[in-house]
Structures are given as C-alpha cells and as structure tokens.
Amino acid sequence: MNASAQTYVTEDGRTIGTPIMEMKNITLKFGSVAAISDISFDIREGEIRAIIGPNGAGKSSMLNVINGFYHPQEGEIWFRGKRRKPMKPYQIAQQGIARTFQNIALFKGMSTLDNIMTGRFTHMKTNMFWQGIWKGPAEREENENRDIVEHVIDFLEIQAIRKTPVGRLPYGLQKRVELARALAAQPKLLLLDEPMAGMNVEEKEDMSRFILDVNDEFGTTIALIEHDMGVVMDISDRVVVLDYGRKIGDGTPDEVRNNQDVIDAYLGVAHD
Amino acid sequence: MSAEFFYTIEVILNGLMTGVMYSLVALGFVLIFKASGVFNYAQGVMALFAALTLVGIQNGQVPFAHLINAVFGTHLDTFGWHVPAFLAILLALGVMILFAYIVERFILKHLVGQDPIILFMATIGLAYFMEGFGDLMWGSEIKKLDIGLPQGANIWIESATAGWADGFYGFYLDNLDIWAAGIALVLVISLMIFSNYTKTGRALRAVADDNQAALSVGISLRTIWVIVWSLAGFVALVAGIMWGAKSGVQFSLSLIALKALPVLMLGGFTSIPGAIVGGMIIGVGEKLFEYEIGPLIGGATENWFAYVLALIFLVFRPQGLFGEKIIERV
C-alpha cells in the first residue's frame, strides 16, 4: 500500500508525504566491529516510523548517525532531497532534527521552563550585544519564543512543574520534559530514543498518547526506537527491524509481525 | 558609641571592599568552571597579562621590543603616542577575546572529552606560557597602571563621619577601593542577569549541565567555550586593572589567584553570587581577625586565616555556600 513514493492518506486521515530522510547503504564500524552494516531505509514526511530490534541490534547507533553523533564510514544520508555532508550535531539540530535520549539528558540544575527554552535555541537570532542590552530585539524575541514554549507546556500538561528544577522530578515527568524540549524546536524530524524505557504501564500509555497527539496536531515526522515491540506496533505507521546491525524487516506493523526473520530474531532462533 | 566601635566598623568596611576584590578574581574561575568543568589555573596570569597589555597599549609600547631589537639590532621602545584609557581598555579587551579564541582553537578543541585533570594540567601549562609570553611581549619591569580612577583617602566620608565619637577621626576609606567594589558589584549583577535571562546565558548553563544534550538542541560547544573564555578574560582585565592600580603591574599580580581559592571553597565553584558573598566573608573575616586577634598572636594572620576559614567550611558544607547541592542517590 505504501511501497510507492507517492503521498497517501492513512485510515485515520493523516497525510503521509514523500521521504524526508533517506538512509542509503549505511555502514558504521567501531574499529573492526560493524554496529550497522549496509542498512537502507527512509522516513516519510508526517509518519511515525519505528526502529525496533533486540538489544545490540544497532538501533541507538542508527539514531546517533541520523543526529550526527556518529559518522558512518559508508553510505549516504539524504535529508529533504539533498545529500547531507558530514556535519556536527549542533549543525544538524539547526537543520531541524531534534532528539531525546535513552537515559534522559536534561539540564538538571535548570527549571522545566528553562530546559524547554533551550529547545528554542536554534530559532533565536539576536546577537550577544542586544542580549546584553536586553531591551528591544532580545526582549521581543524572548517573549515570542516564550509563547511557543508555553504552548508546548500546555500541550504536554506540565504546567504544574514549570518552575521546578528538573533534577527533582520523577522519571516519567523528566521523560516528558525532554520530549517538550525537543518539541519546542518545532523540528522537521523528531527522534525519540526509547521514549518508554523504564516506564510503568500507565506512563507508557500517556507517552503513547502524547506521541500520537504530537504527530496528529503538529504533523511532526517522528522516528522512534523501541526495544519492546508491543506499544510500538500500535502507534507506528511503518517499522524497520534491525538485528545484529542488519536490517531484517521493513514495512507496516502487520507485515513486520508476520515476517519469519523478525519472529525468529525476537524468539531467539539460532542464527545460521 | 565608643571610638573603638567605629574603628571596628571601619575594619569591616575595608574588609568588605577587599573581599569584593577577591570576588572579582574568583568570578573568573567560576565562569570557566561552570561552563566546562575546568579549573582554570591560568586565571591569575590572565589578569596579569590583561593588565600588562592595557599598560602597554596606553603607553604606546612596541610589543616584543626586546625580541625585535635583539634580532634586527634596532632600538625600538615606544611608538611615542599615548592612547586614552577608554580606548586602551577596549583594545585590551579585544586582545583578551583573541586570546580566548586562540586557547579554544589550539588547546581546548584537542582536549574535548578528556578527564578534568588533563584539562587542569593544560591550564597550568598555559599559565606559565602566558607568564613568559607576557614578559616577552611587554617587558618584565614593574609598571604603573593609571586609568584615571581616583586614589587616596575619601576626604568626604572622612570629614562627614569625623567626631561621631570621642577620639574618632572619621572612616578612612580608599577611593580606589570604593570604586573597585562598586564596579565589581555591577559586574557580578550583570553577569547573573545575563546568565539567567538571555539565550546565550541559558546556553552557557546548558553546556555546563550536559554537553551532549546541549549539542542536540543546536548549541555549538566551541562557540560557547570562546564566549566563556572571553568573559573570563574580561573579568581578568577588570581584576587586573583594579589590583594593578592598587599595587602596580608586576609578576606578583598573578598570585592574587591564590586569594581567590578560599573564596571559591567558601562560595562554591559553580555559583556567581557565591563568589561575591564568599569574597566578602573572607575579606571581612581576615581583616577582623587580624584586627582583633592578630596582635595577640603576633600578626600576619591574613596569609593563612582565609584558608582555615575555608577548611572549616568545607567540613560542614563541601559544596560551598551556594554550590549546587550534592545529592547522593543510590
């Protein structure tokens, strides 16, 4: 149904566009160990794309390649129709790719509000001189960006903890603040590294709902990694399955679920 | 009120103002430590270098005159002009910003992700290099620094307070100290506001907290490092001006860094207000101790009292007065 490069409309009425990001024959090695070997897949505009696989499959490495923490030895990365040169992570963030981390990387000493404001960094352009003077352009810019941040705060229902230093928040809420910071950047592509890791059932349900809402409301393209197949199958449009650094499945959740290689990988059938 | 009481007050006031001068040096350490976790051993030498550069520019000295003369057999000394203080300060600030850029480009960039101890060693190397480089560039003789700040006793305060008690001749406060304290306070307050309410300030705090996360929201670590070292250079310039005006620009200026250490232990390595309050406590503490107890035990207590005070503090509050609370989670 979605094998062609055409746009299409999902059953629940969302429009899925053409690929915004394409990974072509990516190989990433640490010394002689290949974390990712010759993997290709694409992420379409407006979709929720999951990357799943057992431990050590290369999921996090793949995310780090997309966001520039790692540079693959081979392969091409295409973003919004252009081949991407090797770039620093902050330059990639400026291109509109935001992410969260598996082990929560918040600015622990700063309040929830300040953390989310850092998400607006790439959108704030006034120079140091005006910031030093504060009045005028810097103040106007600060207020405009603050409005966007407040909107995100409302959306993720974290008004009550706006002023709390994030180091004091419980785990589930920290995960949500991290999502808020990434969302505040209004990214063209949002990368979520195990957004539900370590959560209880209720928190997982909340997070799933937020991910779906973000995608639905803002039309944000989301690529997420998950370890646990259950939740992901319910919320994603298409799924890539990795195992031992290779791609073993790619398609809709149903296709992937019935793929024999995937079943073997998850059930732990011996490799040939 | 007795004269004795007012003399004690005078000691406290002088202690406060000296303390603010210590804070000024401590502030440079805090800025760099907060943003990069590096204890910058070179902060004191930076103050010396900044002051040397300022005096050199003001007096129209030819940089590297000794070297040039030795190589080409010339007899260069000065350009023969005199640069106004304000312009000279701006130029010296420019040199410190250039210095920040060079440090990032040639040292820090290559040490990304290394242990703090390695970065610390690098700053020790940098300190001694700068010391020699400063001598080479501007000569090693003691110089007088004068940017037109008022010096000497403040007559107005002295005469206004004279006669408050029998045998009390008014507060003896040095004009330069009053100015230095005022400027330092303004500087600290501006830096606090800057770091709390601006985009760059937030980015500074973000980098201090988590490098990877900072990168992922689009903050360039290298730019932030240049900014932080420039700010530290600016603070070093102000400290160099104040201390240089007080005691001349010479090698011993770099040793004021040692006065900043107890301030840091007291105020915490990561807190800007901690640096100022810590400085004041140390300043008042050591002056009062010298005044009240010093005569009983033979004086010269100012050399060690600050460290003892800081040690006692460390035992009870290792993170310092305003440092981020150390929470142990198991």
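Mentor: B:Ala47 touches B:Val25, B:Ala236, B:Ala239, B:Gly240, B:Trp243, B:Leu253, B:Ser254 and B:Ile256, leaving out residues up to four places away in sequence. Touching, or being in contact, means that the C-beta atoms of two residues, placed from the backbone, lie within 7 Å. The model is predicted, so local features need pLDDT of at least 70 and side-chain atom pairs count only at pLDDT 80 or more, while totals for chains, interfaces and linings use all residues. Residues are numbered from 1 along each chain as its sequence is written, and chains are lettered from A and ligands numbered from 1 in the order in which they are written.

B:Ala47 belongs to the largest nonpolar core, which has 165 residues; B:Ala47, B:Ala51, B:Ile219 and B:Val228 touch the most other members. H10(B) contributes the most to this core, with 18 residues. A nonpolar core is a set of buried Ala, Val, Leu, Ile, Met, Phe, Trp, Tyr and Cys residues joined through C-beta atoms within 7 Å. Buried means that 20 or more other C-beta atoms lie within 10 Å of a residue's own, exposed means 12 or fewer, and partly exposed is in between, with C-beta atoms placed from the backbone. Helices (H or I, at least four residues) and strands (E, at least two) are DSSP runs, numbered from the N terminus.

Helix H7 of chain B (residues 175–197) has 23 residues and reaches 33 Å from its first C-alpha to its last, close to the 33 Å expected at 1.5 Å a residue. The expected span is 1.5 Å times one less than the number of residues.

Helix H8 of chain B leads on to the other chain. In total, 19 residues of chain B are in contact with 26 residues of chain A. On the side of chain B that touches chain A, helix H8 (199–209) and helix H9 (211–216) of chain B each supply at least two residues. H8(B) gives the most to that side, with seven residues. The residues of that side divide into seven nonpolar, six polar and six charged. Here Ala, Val, Leu, Ile, Met, Phe, Trp, Tyr, Cys and Pro count as nonpolar, Asp, Glu, Lys and Arg as charged, and the others, Gly among them, as polar.

One more residue of chain B deserves a look. B:Phe64 lies in the loop between helix H2 (43–58) and helix H3 (65–72) of chain B. Its phi is near 60 degrees, a positive value in a residue other than glycine. Most residues other than glycine have a negative phi. B:Phe64 counts as partly exposed because 16 other C-beta atoms are within 10 Å.

Now chain A. Six of its strands form an open sheet of mixed pairing, in the order S8-S9-S10-S5-S11-S12. Two strands pair if DSSP finds at least two bridges between them. Strand S8 (97–99) and strand S12 (246–251) of chain A are the edge strands, each pairing on one side only.

Strand S10 of chain A is mostly covered, with six of its six residues buried. A:Thr221, A:Ala223 and A:Ile225 point one way, while A:Ile222, A:Leu224 and A:Glu226 point the other way. In a regular strand the side chains alternate between the two faces of the sheet. S10(A) pairs in the parallel sense with S9(A) over five bridges, and A:Leu189 stands opposite A:Thr221. S5(A) and S10(A) also pair in the parallel sense over five bridges, with A:Ile225 as the bridge partner of A:Ile51.

A second open sheet in chain A has four strands in the order S4-S3-S6-S7, with antiparallel pairing. Its edge strands are strand S4 (33–44) and strand S7 (82–83) of chain A. Five bridges join strand S3 (residues 19–30) to strand S6 (residues 74–79) of chain A, and A:Lys24 has A:Glu76 as its bridge partner in S6(A).
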